[in-house]
Amino acid sequence: MRDFDTMVKQAKASWDSLLTQKKPVIYAGAASCGRAAGVLPVIEKLKELSKKIPLDIIEVGCIGPCYLEPIIGIQKKDAPIILYSNVQPIQIEEIVENYILKGDPQPEKAIGTLGNGTIEGIPSFWDHPMIKDQVRVVLKNCGIINPSNIDHYLAMDGYQGLKKALSMKPEGVIDEILQSGLRGRGGAGFPTGLKWKFTRAEKEPEKYIICNADEGDPGAFMNRSLIEGDPHAVLEGMIIGAYAIGAKLGYVYCRAEYPLAIKRFEKAISEMRERGILGKDILGSKFSFDIEIKKGAGAFVCGEETALIASVMGDRGMPRQKPPFPSQQGVWDKPTAINNVETLGTVPIIMRNGKDWYSQYGTKQSKGTKTFSLVGKVKRTGLIEVPLGTSLRKVIFDIGGGIAEDKVFKAIQVGGPSGGTIPSAFIDEPLDYEELTKLGAIMGSGGIVVIDEDTCVVDLAKYFLKFIEAESCGKCVPCRIGNKQLLDLLEKIASGRGTIDDFELLEELAHTISEGSLCGLGKTAPNPVITTLTYFRDEYRAHVLEKICPAKVCKDLFYYQVDPETCIGCQICKRRCPVNAITGEKNEPHIINHEICIKCDVCSMNCPAKAIRKIDKVKVIELSN
Amino acid sequence: MTVNDTKVNSIEFKLSSTALKTIEQILEKSNRDSRNLIQILQDLQEEFHYLPEKVISHISHELQISEHHVYGVATFYSQFKFIEPGENIVRVCMGTACHVLGSQSLLDKLARELKIESGETTKDGLFSLESVYCLGCCALAPVMVINDEVFGNMTAAKVNKILRRYRRSNKKNANNMEREK
């Protein structure tokens, strides 16, 4: 272990020298979200600029508030890092020059400071309204360290948890995790320690551990962010798990839609091998373990344990009957522990700080913190981490800043296609496994999509069913055909052809699908329909009885109309309409021909006078009669 | 995607000696082990941009597994393509966040502009249009990706300008190639 201690010492020294060096350092948030916001051209500009002004440029992961991206941090000697938000390529030169050459920190462009010291006019980043109510445990290093530099992770006490685990008996490690109360972060919330205990207890000596990085829920990106920002934490957790259960080989199963995450894993694994943290006799112990990466090929069902195992073995990713559970018979028919990315990312911290430290957070049955992706119609979108049991109100209004454009909060959709829609009435309920299940949703992996008055719940349920219909593997008839029927029924309702009897049919069918399907995908597939039908029956009734879509989303139930009072006759809509459905002379109110209109919304988007309205079809028909 | 779709381009694809060499390298990398079939198919697609019929038939022979089995696995996963895609692949994210923020109208707009449906390729072979479920950039919804370039906070109004840029850069490349000849 002396080698390891020297390695850590050197890593800490190099981290300290980075923070205190004379040459300015630029930290660019370059996770997938930062890239989508356009950070790469900014980095290009910075590289050009570094020929003129000496600069070190470091790509870091996502620090959380994605809506402020691209986020660029600038560190000058003897001053904290200043984070600038929404930085565009044309601004970056000016920002850097103003601060580094002229000494102007430009508080109006900054969102906060990181590190020791203060700068007048700029608050600490940790006091930012989106950040101050969060507890960052798993996300501690994300956006702070360079994910492609193992020394940065070591400087943040990385691999200390592993060192401690290797000094304990495997049973002791399992006990520590079990008593910390850590539950699977992938959805079902099964106690992690128990899973490991079962896998270890199997007599077969050849065992495996799999990291499930097949984050398939649309609207969720917590795992992607964690891998892209701090891959070593996940891999450290995996080695600890392998040691606990007695595995010699582990697989990381990562979805192909996350190319950057795969790249980060690959780099981290090669660094670990170089340093003796992976491979033979890890950190000088007698424990040997290696990791292989398996890329998913685009199948949502592969998030399910048994389907994932089939896919790892190069086959079609179809689930099978349980038992035998993967802990008994998993990959290559050997005992296998499958853990989610976030679960594994939490393990090292528990080992390092102890079970009691970890279980101080959370509720009685749901211990610790949980990451959520907060997206949809909320002001501050991004990645957050809060103790389990935090109320929805805190998450949406304090952290998320409330509903975008100050519209009316309608509901949240949590847990992806397996989850449910929880209406605004339950805003003071705590976010934990039990409570969400009671409300008909599930924690899932932690994707929260906020919806407002402009979202139609029938359309939302239809959307999820479409997803499920495409992703059902086809093995179980109720899932394969039943979900198609559910979708047809919803399409019938959305198009105004539904009847009141359809509700009963929906419920009956949902029940059959749930009862008659083998895996989690089928069992939970009707959840979005059941929850919306329970909590928003009035909205369904409006579609069926009045033929009205209150949110004006279902295209068969409304027309676009020009308000003649507001129309200024500018002819922009007439020119932009892709199907020439609009007529009208200059300076005269225009008219939209309903027969031709395809409801593409182009006229409404381009109207400078906001004169285009959506009018219920039934009202238009009534008036014309 | 059905197996029949492979017929479309099979005539054009020739199993040249360079192609055979590349396939050989890919098989070697995976130890000629059919348990690594998905990885082999991924590497092949990376190389040829799709899975030509002749390539599948060749590797099934080499790996000593039936073509049925290879197709069985390949058609299960949405990643694998059996017809040659366009030069630029336009993907629209249909994740939940993108959906509630209007990705459908974005997809509709692209379909109108390119005059193709999702899953098709333009006649000039310049663009393929695809919809995907969640690219994990939900905070910047709606999201569109062309090849590797990601566009966040997209609107239908921004589409034309972006497509024009790709058309132009393609023309430039073509001109350069002419000159080199």
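A crossing of two helices is called left-handed if the near helix is turned anticlockwise from the far one by less than a right angle, and right-handed if clockwise. I start there since the first item today is a helix pair.

Some housekeeping. This is a predicted model, where local features need pLDDT of at least 70, side-chain atom pairs count only at pLDDT 80 or more, and totals for chains, interfaces and linings use all residues. Residues are numbered from 1 along each chain as its sequence is written, while chains are lettered from A and ligands numbered from 1 in the order in which they are written. Helices (H or I, at least four residues) and strands (E, at least two) are DSSP runs, numbered from the N terminus.

Now the pair. In chain A, helix α18 (residues 477-494) packs with helix α19 (residues 501-516) at an angle of about 160°, and their axes are 9 Å apart. Axes here are lines fitted to C-alpha atoms, for helices over the stretch in contact, and angles run from 0 to 180 degrees between N-to-C directions. Angles under 35 degrees count as roughly parallel, over 145 as roughly antiparallel, 65 to 115 as roughly perpendicular and the rest as oblique. Therefore α18(A) and α19(A) are roughly antiparallel to each other. Their crossing is left-handed. The contact residues include A:Leu486 and A:Leu489 of α18(A), and A:Leu505 and A:Leu509 of α19(A); contact means C-beta atoms, placed from the backbone, within 7 Å. By type, the residues of this contact are ten nonpolar, five polar and two charged. For those types, Ala, Val, Leu, Ile, Met, Phe, Trp, Tyr, Cys and Pro count as nonpolar, Asp, Glu, Lys and Arg as charged, and the others, Gly among them, as polar.

Next, chain B. How many helices and strands are there in chain B? Eight helices and four strands. Of its 181 residues, 35% are buried, that is, with 20 or more other C-beta atoms within 10 Å of their own; 12 or fewer is exposed, in between is partly exposed, and C-beta atoms are placed from the backbone.

Where chain B touches chain A, 38 residues come from chain B and 42 residues from chain A. On the chain B side, the elements giving two or more residues are α3 (37-48), α5 (67-76), α6 (96-100) and α7 (103-114). That side divides into 21 nonpolar, 13 polar and four charged residues.

Take α3(B) from that list. Its twelve residues should span 16 Å at 1.5 Å a residue, and the end C-alpha atoms are 16 Å apart, which agrees; the expected span is 1.5 Å times one less than the number of residues. Buried residues in α3(B) include B:Leu37, B:Ile38 and B:Leu41. The buried residues of α3(B) pack against β8 (290-295) and α12 (305-312) of chain A, together with α2 (17-29), α4 (53-63) and α5 of chain B. After α3(B) comes B:His49, with a positive phi near 70°.

Last, a loop in chain B, between β2 (127-132) and β3 (144-146), which holds B:Pro142. The peptide bond joining B:Ala141 and B:Pro142 is cis, with omega about -10°. B:Cys134 is found in the loop between β2 and β3 of chain B too. Though not a glycine, B:Cys134 has a positive phi of about 65°. Is B:Cys134 buried or exposed? B:Cys134 is buried, because 29 other C-beta atoms lie within 10 Å.

Notes: Two residues are in contact if their C-beta atoms, placed from the backbone, lie within 7 Å.
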